[in-house]
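Welcome! Please have a look at the sequence and the model below, and keep the viewer open while you read.

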Amino acid sequence: MARFWVCAAGAGFFLALLVLHSRFGGAPVLRKFSFQISWRTKEILYRLDVGWPKRPEYFTGTTFCVAIDSLSGLVYVAQRGDNIPKVLVFTEDGYFLRSWNYTVDTPHGIFAASTLHEQSVWITDVGSGSYGHTIKKYNSFGDLVQVLGTPGKKGTGLNPLQFDNPAELYVEDTGDIYIVDGDGGLNNRLIKLSQDFMVLWLHGERGTGPAKFNIPHSVTVDSTDRVWVADRGNKRIQVFDKDTGEWLGAWDNCFTEEGPSSVRFTPDGKYVIIGQLNLSRLLLVAAPPVGSIGNCSVISTIQLADQVLPHLLDVSGKTGAIYVAEIGANRLNEYLKAS
């Protein structure tokens with residue numbers, strides 16, 4: 001019996017040495033081993049809200065994207081399908097309010113940019129019809145306000161501005177717009193536009209090097225003036241200075257199995273929430289401090305059911321709840337903070 005306890009203590013001590021050695025400069029094999037151990041033992045930070053929405057039968061198509069207007073407490077969901085409303089509007093509590101289907105062909109990304117003076121909803125349209133290859137601004141009731149790009153015509157031009165399968169955008173309170181253009185189309189670029197739609201800076205080349213892309217799929221801006229891009233085809237996240245466009249670094253160590261499809265921050269700025277489509281998984285990653293990008297460090301995961309396929313997500317600025325558009329499940333789900 002004494003020999004058993006000695007062996008058990010020795011095994012525990014050896015495991016502790018492996019973790020410490022891998023964390024503080026050990027061999028790559030040991031680092032991978034430590035990462036897998038810590039991945040599996042992290043606490044659960046979010047849970048599925050099984051009561052959201054109140055009536056899921058409103059989802060009649062394939063849900064591709066979601067945007068939260070925390071100022072008004074509204075959730076906008078865009079779905080694809082024939083003869084169905086393309087945009088559904090819910091309250092954050094899950095009650096259905098209205099729907100609209102004007103001038104939307106095939107939605108891919110959606111963003112709610114609301115201030116005290118204006119409520120707006122932006123949609124990236126990747127359709128091949130007369131409204132496709134554009135980014136469109138609507139008011140909260142679905143009235144078309146602005147069109148960026150050449151409707152129905154894909155292209156690479158900047159004057160006039162053209163898109164080919166624009167994936168997603170992020171709009172700041174200042175009106176500046178960040179666009180990732182290239183969900184498998186001609187373009188693989190990140191564009192920053194001013195509020196009057198002038199190009200401020202651009203990274204626009206396909207490749208694997210810094211500031212080059214292969215299917216840039218999602219974009220967001222953090223509270224420290226950094227732009228984060230889910231470079232899906234290259235299995236990494238790239239980070240840029242929002243004012244100058246300077247490349248600041250990249251994360252690739254978390255994406256050996258699959259690249260990121262979506263990226264957002266929690267309201268407190270502590271975590272980066274990253275979706276992985278084909279793995280049906282969300283990662284909660286520690287946000288790096290100012291002046292350092294470092295490596296991706298997973299704090300917790302949310303493993304969804306097989307074939308749920310989380311495409312794009314958004315986060316409530318009030319509650320911190322995560323809303324996930326799931327193209328495999330044909331619905332939107334809400335994940336609440338566990339504590």
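The sections below go through the ground rules, the sheets, a hairpin, an annotated repeat, the salt bridges and some nonpolar residues.

## Ground rules

This is a predicted model, in which local features need pLDDT of at least 70, side-chain atom pairs count only at pLDDT 80 or more, and totals for chains, interfaces and linings use all residues. Residues are numbered from 1 along each chain as its sequence is written, and side-chain values use heavy atoms, with hydrogens and water left out.

## Two open sheets

Let us start with the strands, which are DSSP runs (E, at least two residues) numbered from the N terminus. Two strands count as paired if DSSP finds at least two bridges between them. In general, strands of a sheet pair through backbone hydrogen bonds, either parallel or antiparallel.

β1 is joined to strand β26 (residues 331-337) by 3 bridges in the antiparallel sense, and Tyr 46 faces Lys 337 in β26.

Another open sheet of 4 strands runs β20-β21-β22-β23, again with antiparallel pairing. Here β20 (262-265) and β23 (298-303) are the edge strands, each with pairing on one side only. Neighbouring strands of this sheet are turned by 20° against each other on average, direction ignored. Strand β22 (residues 281-286) and β23 run antiparallel and share 5 bridges, and Val 285 stands opposite Val 298 in β23.

## A hairpin

Strand β8 (residues 134-139) pairs with β9 in the antiparallel sense over 4 bridges. Within this pairing, Tyr 138 has Leu 144 in β9 as its bridge partner. The two strands, β8 and β9, form a hairpin with 4 residues between them, and Gly 142 in the turn has a positive phi of about 95°.

In the model, the span 204-243 is 0% helix and 55% strand, and its end C-alpha atoms lie 17 Å apart.

## Salt bridges, buried and partly exposed

Side chains of opposite charge can pair when their charged atoms come close. A salt bridge here is a side-chain nitrogen of Lys or Arg within 4 Å of a carboxyl oxygen of Asp or Glu, and the count by this rule comes to 13. Burial is judged by relative accessible area: buried means under 20%, exposed over 50%, and partly exposed in between (1.4 Å probe, protein chains only).

Where do Arg 189 and Asp 181 sit, buried or exposed? Arg 189 is buried at 5%, and Asp 181 is buried at 0%. Their salt bridge has its closest N and O atoms 3.0 Å apart. Glu 205 and Lys 212 form another salt bridge, with 3.6 Å between the closest N and O atoms. Both partners are partly exposed, Glu 205 at 45% and Lys 212 at 28%.

Lys 242 and Asp 225 also meet in a salt bridge (3.3 Å, N to O). Lys 242 lies in the loop between β18 (236-241) and β19 (247-251), and Asp 225 in the loop between β16 (216-221) and β17 (226-231), so this pair ties together parts 17 residues apart in sequence. Lys 242 is buried at 13%, whereas Asp 225 is partly exposed at 33%. Elsewhere, salt bridges with shared partners join Glu 168, Arg 264 and Asp 314 into one network.

## Nonpolar residues

Leu 158, Val 199 and Leu 202 form a nonpolar surface patch with about 200 Å² of accessible area together. Such areas come from the Shrake-Rupley method with a 1.4 Å probe, and for residues only the protein chains shown count as cover. Patches are made of residues with over 30% relative accessible area and no salt bridge; like charges are joined within 9 Å, and nonpolar side chains (Val, Leu, Ile, Met, Phe, Trp, Tyr) within 5 Å. Val 199 belongs to strand β13 (residues 199-203) and is partly exposed at 35%.

Leu 161, in the loop between β9 (144-148) and β10 (166-171), is buried at 13%. Its C-alpha atom is separated by 9.2 Å from that of Phe 197, 36 residues apart along the chain.

Technical notes: Axes are lines fitted to C-alpha atoms, for helices over the stretch in contact, and angles run from 0 to 180 degrees between N-to-C directions.
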